[in-house]
Number of protein chains: 2
Amino acid sequence: MIKVVIIGSGNVAQHLLLAFVQSKIVDVIQVYTRNKNNTTLPLDSNKITSNINALLEADVYFIAVVDNAIKEVSSLLNFSNKLVVHTSGSVAMNALDNKNRKGVFYPLQTFSKQKKVDFKEIPICIESQNNKDYELLEKIALSISNHVFNINSQQRKALHVSAVFVNNFVNHLYQIGQDICAENNIPFEILQSLILETSNKIISLSPSEAQTGPAIRNDTETINSHLNFLSDNNQKEIYKLITKSIIDHGKKL
Amino acid sequence: MIKVVIIGSGNVAQHLLLAFVQSKIVDVIQVYTRNKNNTTLPLDSNKITSNINALLEADVYFIAVVDNAIKEVSSLLNFSNKLVVHTSGSVAMNALDNKNRKGVFYPLQTFSKQKKVDFKEIPICIESQNNKDYELLEKIALSISNHVFNINSQQRKALHVSAVFVNNFVNHLYQIGQDICAENNIPFEILQSLILETSNKIISLSPSEAQTGPAIRNDTETINSHLNFLSDNNQKEIYKLITKSIIDHGKKL
């Protein structure tokens, strides 16, 4: 078994722990969390520590903490020449402290505590300083996911920015749709099949093939009538800007 | 059987025709199209006309033409006191000519010619001037869809604006994600499971529960690093504006 220690107890840490528990080749021997009493980790309590200096010897240490704590946490580790990876989409591998061998193990997915995810379908982007470590990370990744990619730090940054657009920003557009429905006594559920259909299209059509609506048709009458309808300033500005961007993008094709 | 005539041969007209062919209570007796030779309608050619003055007597006339032609087409009909409905999300029922009884039959879905849709899952929003016509439209709608809603013109406008956000604009964010991936030699397929997961969340979580990412965390370091990464002006402005909107929305909660 490959012995791993998880450092952190947030969303990503919890989902990784659950995935590793299912893996036949990974043994989570310890989880570090700052507040030992405050966690509901599915792990024997004697495997949970809040003492960063009491980490057990393992094959890989997964740092799954907030982005801006990765550098500091990696520098606090009181051992050297071990494989230490972080799990962030937006932090370079080199942010990790030099005393240990570096790597990245980034599950490209949005984790909400309330919703179970099928880890097998989550792409895992891995990177490391040397080939042997890469092979180990790949072995671990393939034991929990069907989609494993070799992605360097620059690509990972691009991927993370893309993910903000297609996930965080898309969800905010759902929010705006819901807000407009609520103001007009329309059940948001009416939009559910449209939302699912829109995302399912990407399996068979490219975004440019799938683009419909007043902007791509350059239907200024509808665009102006929608802008008149909107009263919230952010909604209005988003409508204007994305409409402009769709029109500009259409010209480039 | 309920006799219907479809006026138009675009995306919506074609999908309606396919759905009506499946319906056990609707008989499409005729389709009007401006250019008779240019169509590939799944209908006997003797049921297709390009003469607006040769429309047969029917129980309902469906005007499925571009939004800004609805008014004119309805005024060109050379009969009166028949039920004439349009199929648009953004045009008021009253845009229809006064000489006939008015109604709306709006399938709230995005239709691409390349992709088949399951009409049963598409919400149909109906409206009419009188109850008897409403009942007829409801009967037709229920014969092709499991989701039928009574939506007045003001609500339909709100719904259409919402649909632009959750469908057209969401698709453009997919486009931006794809463009960023392409520039960095990353297969767009990596983002597929994230996109599907993001949309599937709306079945079980509200958009505000599902919101994740640097904006809602107020993670200015990541936000600034993403803005530095982006070089395309529209992408940068969209990033800034939606980030601001997510932060403002979070304050309201």
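How many cavities of 30 Å³ or more does a search of the whole structure find? The search finds 1; more on that in point 4.

1. Ground rules. This is a predicted model, where local features need pLDDT of at least 70, side-chain atom pairs count only at pLDDT 80 or more, and totals for chains, interfaces and linings use all residues. Residues are numbered from 1 along each chain as its sequence is written, chains are lettered from A and ligands numbered from 1 in the order written, and side-chain values use heavy atoms, with hydrogens and water left out.

2. The interface. On chain B, 96 residues are in contact with 96 residues of chain A (contact being heavy atoms within 4.5 Å). The two chains bury about 8,900 Å² between them, with 66% of it on carbon and sulfur atoms; that is the accessible area (1.4 Å probe) lost on putting the two parts together, summed over both. In chain B, the residues losing the most area to chain A are B:Phe165, B:Val166 and B:Ile190, together 8% of what that side buries.

3. What holds the eye there. Between chain B and chain A there are 34 residue pairs in polar contact, both at pLDDT 80 or more (a pair of N or O atoms within 3.5 Å; within protein, one must be able to donate a hydrogen and the other to accept it, and residues adjacent in sequence count only if both atoms are side-chain atoms). α4(B) gives the largest share of the chain B side, 27 residues (helices are DSSP runs of H or I, at least four residues; strands are runs of E, at least two; both numbered from the N terminus).

4. About 60 Å³ of space lies in the largest cavity (on a 1 Å grid over the protein atoms alone, points where a 1.4 Å probe fits but cannot get out; lining residues have an atom within 4 Å of a point; the volume is the space filled by probe spheres set on the points, which are joined across faces, edges and corners). Of its 10 lining residues, A:Gln211, A:Ile216, A:His249, B:His172 and B:Gln175 are the closest to the centre.

5. Salt bridges. Over all chains there are 12 (a side-chain nitrogen of Lys or Arg within 4 Å of a carboxyl oxygen of Asp or Glu), but 0 between chain B and chain A. One pairs A:Glu127 with A:Arg156 at 2.9 Å, N to O. A:Glu127 sits in strand β7 and A:Arg156 in helix α4 of chain A, so the pair ties together parts 29 residues apart in sequence.

Terms used. On a 1 Å grid over the protein atoms alone, a cavity is a set of points where a 1.4 Å probe fits but cannot get out, and a pocket is an open set with protein on both sides within 12 Å along at least five of seven lines; lining residues have an atom within 4 Å of a point.
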